[in-house]
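Welcome, and please take a moment to look over the sequence and the 3D view below.

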Amino acid sequence: MARICLVGLGLIGGSLHMALSGHHDLIGVDPDPAVLALAKERGIEATKDLAAGVEGADLVIVAVPLGKIPQVFKQLAPLVKPGTLVTDVGSVKGTVVRAGAPLFLEGAFVGGHPMAGTEQRGLSNAAEDLFEGCTYVLTPTNDAERKAGERVKELLAPLKARFVEMEPAAHDLAVAYTSHMPFLMATSVARIAQGATKDVPDLPLVAAAGFRDTTRLAMSNPTLGADICMANREALLHAIAAMRYQLSQFEIMLQNEITVGLEGLFSGVGKWREELKL
């Protein structure tokens, strides 16, 4: 059993606590009095004092909003003792790894990103099974970080996640297409529908399962969404260019009534999507 400090008791930090409870000695750190009160109600040992939380920890997991991670790294650096590992759960790795790696001893830090989450937020929505079967990306950039990643995998084995290694840049481009672009598209679809209600006030009456599923991510945390978009700006711009091209292809086929082209595209992409077995 190891001592693990969870910095940030939101949806991800709270879910980590629930999944690791009984397997490790856990403590949470959060500056929000309301979160600390809820943690106390749930029997979670927690404090607002970062130094007290980190003391004696074998692993520190930074689970604060993406934009606050570099600041927390700076606060953590003088508190972390030799032998303590530090990782994070930020959804963009390039900026996070560049911020963290220089602050900690070689091999004491490795970037991480569990591909789990919902449009819900906060400790009140934490779930013990949030990570079961999900992909958990670690982004070591050298052998020392790779060794740290192996230890992180051992400690987080109770999550029942599937760990994979990726280069930070490859991770960021991949999530731009599979996570961040879907968020933008969900917001875009909801926004144009919202605008269309000026001409069709009854539009919400016909918004059914397809609209509900496609726009679910539009209800995500707006601050976190803005942080992610800005932190992964370059990769996201690449994905936006690809989407602009794809929409132009749809536009051309519709303008020229190329039914067979539409059907062929729908068929090919649908088969690929089905094979992903998500």
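A residue is called buried if its relative accessible area is under 20%, exposed if over 50%, and partly exposed in between, using a 1.4 Å probe and protein chains only. This is a predicted model, in which local features need pLDDT of at least 70, side-chain atom pairs count only at pLDDT 80 or more, and totals for chains, interfaces and linings use all residues. Residues are numbered from 1 along each chain as its sequence is written, and side-chain values use heavy atoms, with hydrogens and water left out.

**The sheet**

- Helices (H or I, at least four residues) and strands (E, at least two) are DSSP runs, numbered from the N terminus.
- Two strands count as paired if DSSP finds at least two bridges between them.
- Here, three strands make an open sheet in the order 7-8-9, with mixed pairing.
- Strand 7 and strand 9 are the edge strands, as each pairs on one side only.
- From one strand to the next, the twist averages 20° (axes are lines fitted to C-alpha atoms, for helices over the stretch in contact, and angles run from 0 to 180 degrees between N-to-C directions).
- Strand 7 (residues 112-114) and strand 8 run antiparallel and are joined by three bridges.
- Strand 8 pairs with strand 9 (residues 162-165) in the parallel sense, over four bridges.

**A closer look at strand 8**

- In strand 8 (residues 135-138), Thr135 and Val137 point one way, Tyr136 and Leu138 point the other way, and all are buried.
- In a regular strand, side chains alternate between the two faces of the sheet.
- Tyr136 has Pro114 opposite it, and its bridge partner in strand 9 is Phe163.
- To get from strand 8 to strand 9, the chain passes through helix 6 (residues 143-155) in a right-handed β-α-β crossover.
- Right-handed means that, with the strands pointing away from the viewer, the path from the first strand over the helix to the second runs clockwise.
- Val137 has Val164 as its bridge partner in strand 9.

- A salt bridge is a side-chain nitrogen of Lys or Arg within 4 Å of a carboxyl oxygen of Asp or Glu.
- The whole structure holds nine salt bridges.
- Arg146 forms one with Asp143, where the closest N and O atoms are 3.0 Å apart.
- Both residues lie in helix 6, three residues apart, or about one turn of the helix.
- Is Asp143 buried or exposed? Asp143 is exposed, because its relative accessible area is 61%.
- Arg146 is partly exposed at 30%.
- Arg146 also meets Glu165 in a salt bridge (3.2 Å, N to O).
- This pair links distant parts of the chain, with Arg146 in helix 6 and Glu165 in strand 9, 19 residues apart.
- Arg151 and Glu154 form a salt bridge too, their closest N and O atoms being 3.0 Å apart.
- Arg151 is partly exposed at 36% relative accessibility, while Glu154 counts as exposed at 52%.

**A nonpolar surface patch**

- Patches are made of residues with over 30% relative accessible area and no salt bridge, joining like charges within 9 Å and nonpolar side chains (Val, Leu, Ile, Met, Phe, Trp, Tyr) within 5 Å.
- Ile252, Ile258 and Val260 make a nonpolar patch of about 250 Å² (accessible areas come from the Shrake-Rupley method with a 1.4 Å probe, and for residues only the protein chains shown count as cover).
- Ile252 sits in helix 10 (residues 233-255) and is partly exposed, with a relative accessible area of 38%.
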